[in-house]
Each structure stands twice: as C-alpha cells, then as structure tokens.
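Open the model in your viewer and keep the sequence panel beside it. At each stop, select what is named and then look around it.

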Amino acid sequence: KELVLESWAAEIPHPQKKETGSEDSYFILQRSPADGSSAIGVADGVGGWGQLGIDSGEYSRALMKHAKIRLQSDVSPPCPVDALSVAYRMVCVQGSSTACLAVLHNRTLEALNLGD
C-alpha cells in the first residue's frame, strides 16, 4: 500500500510580533514528480536575538528556504540531515533557530529535530 505524507500549516504571529512578523518559517513539498518524495520543514527562530536588533525570523526563513531548495535538487535519496546541513551553510544572516524536517521517500520516513 502507498504511503502519503499529508501536511498543512498556518503561521499566526504572536499579537506583540504582528508588526515585525513571525520568527517562524515552514515549507511543504508535495509529491515530487521525479521520485514521489514529499517533505515538510518547520523552523522557530530564537527571539532573544531581537534584543540585539537582529530579526531571527529572517534567519528561520532563510534556513527553510535553503532546506527546501536542497530537497528539490536532484540529490537522491532526499535526506533531512543533508538538507539542513546545506541550508545552514547557505544562510548569510545572523540568528539561530530550532528546526524539524521530515521526508517521505520510497515508503521510508526520515525525520530530524534540532533544538527544543
């Protein structure tokens, strides 16, 4: 029987952060036409950076953007550890974030959780 990773997400910033935007980011990759894999990623920027004038939301958005790009590349099989490692090296802004990625490929679900 076929396995399917069905994902939905919504981003609702805390009322005090409505003006500056959320410190969180996510992506959803529906079934790839190339290999049928699907993935989801979620990052929660560390808000303490705001005390230094740094937008941790910018960091979490960049991290998820680059993880998604890596998972969309032709690297096979798709790997959450590889995707997050490459994304980390590609981010060019200050900040930090927790991260969770899950990839379903060929009836195998791989997940990675970094942080709390």
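## First stop: helix H1

Select residues 56-72. This is helix H1, with 17 residues. From its first C-alpha to its last, H1 reaches 24 Å, close to the 24 Å expected at 1.5 Å a residue. That expected span is 1.5 Å times one less than the number of residues. Helices (H or I, at least four residues) and strands (E, at least two) are DSSP runs, numbered from the N terminus.

Before going on, note that this is a predicted model: local features need pLDDT of at least 70, side-chain atom pairs count only at pLDDT 80 or more, and totals for chains, interfaces and linings use all residues. Residues are numbered from 1 along each chain as its sequence is written, and side-chain values use heavy atoms, with hydrogens and water left out.

Now colour the buried residues of H1. They are Ser56, Gly57, Tyr59, Ser60, Ala62, Leu63, Met64, His66, Ala67 and Leu71. Buried means under 20% relative accessible area, exposed means over 50%, and partly exposed lies in between (1.4 Å probe, protein chains only).

What covers these buried residues? The cover includes strand S1 (24-29), strand S2 (38-45), helix H2 (80-90) and strand S3 (97-105).

Next, select Asp55. Asp55 caps the N-terminal end of H1. One of its side-chain oxygens lies 2.8 Å from the backbone nitrogen of Gly57.

## Second stop: the strands

Select S1. Which of its side chains are buried? Ser25, Phe27 and Leu29 point to one face and are buried.

S1 and S2 pair in the antiparallel sense over 6 bridges. Two strands pair if DSSP finds at least two bridges between them. Find Phe27: it stands opposite Gly41 in S2. Asp24 stands opposite Asp44 in S2.

How covered is S2? It is mostly covered, with 6 of its 8 residues buried.

S2 and S3 pair in the antiparallel sense over 8 bridges. Go back to Asp44: its bridge partner in S3 is Thr98.

## Third stop: single residues

Start with Glu23, in the segment before S1. Is Glu23 buried or exposed? Glu23 is buried, with a relative accessible area of 16%. Leaving out residues up to four places away in sequence, Glu23 touches Lys17, Ala43, Asp44, Gly45, Gly47, Ser56, Gly57 and Ser60. Contact means heavy atoms within 4.5 Å.

Move to Val103, in strand S3. Val103 counts as buried, at 3% relative accessibility. Its contacts, not counting residues up to four places away in sequence, include Ser38, Ala39, Leu71 and Pro80. Val103 and Pro77 are 26 residues apart in sequence and 9.8 Å apart in space, C-alpha to C-alpha.

Then select Ser96, in the loop between H2 and S3. Ser96 is partly exposed, with a relative accessible area of 24%. Show the side chains of Ser96 and Trp49. They make a polar contact (2.7 Å). A polar contact is a pair of N or O atoms within 3.5 Å; within protein, one must be able to donate a hydrogen and the other to accept it, and residues adjacent in sequence count only if both atoms are side-chain atoms. Neighbours within four places in sequence aside, Ser96 is in contact with Gly45, Val46, Trp49, Ser56 and Tyr59.

Finish this stop at Ile54, in the loop between S2 and H1. Ile54 is buried, with a relative accessible area of 17%. Apart from neighbours within four places in sequence, Ile54 is in contact with Trp49, Gln94 and Gly95.

## Last stop: the whole chain

Zoom out. How many helices and strands does the chain have? There are 2 helices and 4 strands. From the N terminus on, the elements run β-β-α-α-β-β. The radius of gyration of the chain is 15 Å, close to the 13 Å that the globule rule gives for 116 residues, so the chain is as compact as a globular protein of that length. That radius is taken over C-alpha atoms, and the globule rule is 2.2 Å times the number of residues to the power 0.38.

Of the 116 residues, 35% count as buried. The C-alpha atoms fill a box of roughly 50 × 30 × 25 Å, taken along the principal axes.
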